[in-house]
Amino acid sequence: DARKRFDSVAGPVSLLAELAAGEDEEDAVLSGLGQADWLHPSRRWGAAAQYRQLWQDVGTGAENAVDERVAGVLTYYLRNDVGNASLHWIALGAERQTRASDGPGHTVFMVQYYRYW
């Protein structure tokens, strides 16, 4: 994986890319993830966008399995003190399956609550 952070007057932006390859019951599997996230200079608001893809070679002349998804998340930080390792936030997001081998895609909405201290 690779990660790069850019600091700007609009707040830090991070770009992330991950690739993985392996096997699942002797079928070749390849996955990738790309993500961009932003944090407001006040450290109270953030946003992220993500693209994920999974490809599996099912062999024996069958069509390869593919799953692609895009997601967006908005985050509100109740406390964001990284130096003191005290983090507390709420995130709202949506994920859309844009391509699937096993049928039509679907959309998932989420509310996430995190607290680290």
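Which strands each supply at least two residues of the lining of the largest pocket? Before I answer, a word on the model. It is predicted, so local features need pLDDT of at least 70 and side-chain atom pairs count only at pLDDT 80 or more, while totals for chains, interfaces and linings use all residues. Residues are numbered from 1 along each chain as its sequence is written, and side-chain values use heavy atoms, without hydrogens or water.

The protein chain has 0 helices and 7 strands, where strands are DSSP runs of E with at least two residues and helices are runs of H or I with at least four. To the question, then: the strands are β1 (2-6), β3 (27-39), β4 (45-56), β5 (65-81), β6 (86-100) and β7 (107-116). Of these, β5 gives the most to the lining, with 6 residues.

The largest pocket has a volume of about 660 Å³. A pocket here is an open set of points on a 1 Å grid where a 1.4 Å probe fits, with protein on both sides within 12 Å along at least five of seven lines; lining residues have an atom within 4 Å of a point. Among its 27 lining residues, Q35, D37, A48, T75 and Y77 are the closest to the centre of the pocket.

Turning to overall form, the C-alpha trace spans about 55 × 30 × 30 Å along its principal axes. Buried residues, those under 20% relative accessible area with a 1.4 Å probe, make up 24% of the 117 residues in the protein chain.

Methods
Points joined across faces, edges and corners; volume = space filled by probe spheres on them. Buried < 20%, exposed > 50% of the residue type's maximum accessible area, 1.4 Å probe, protein only.
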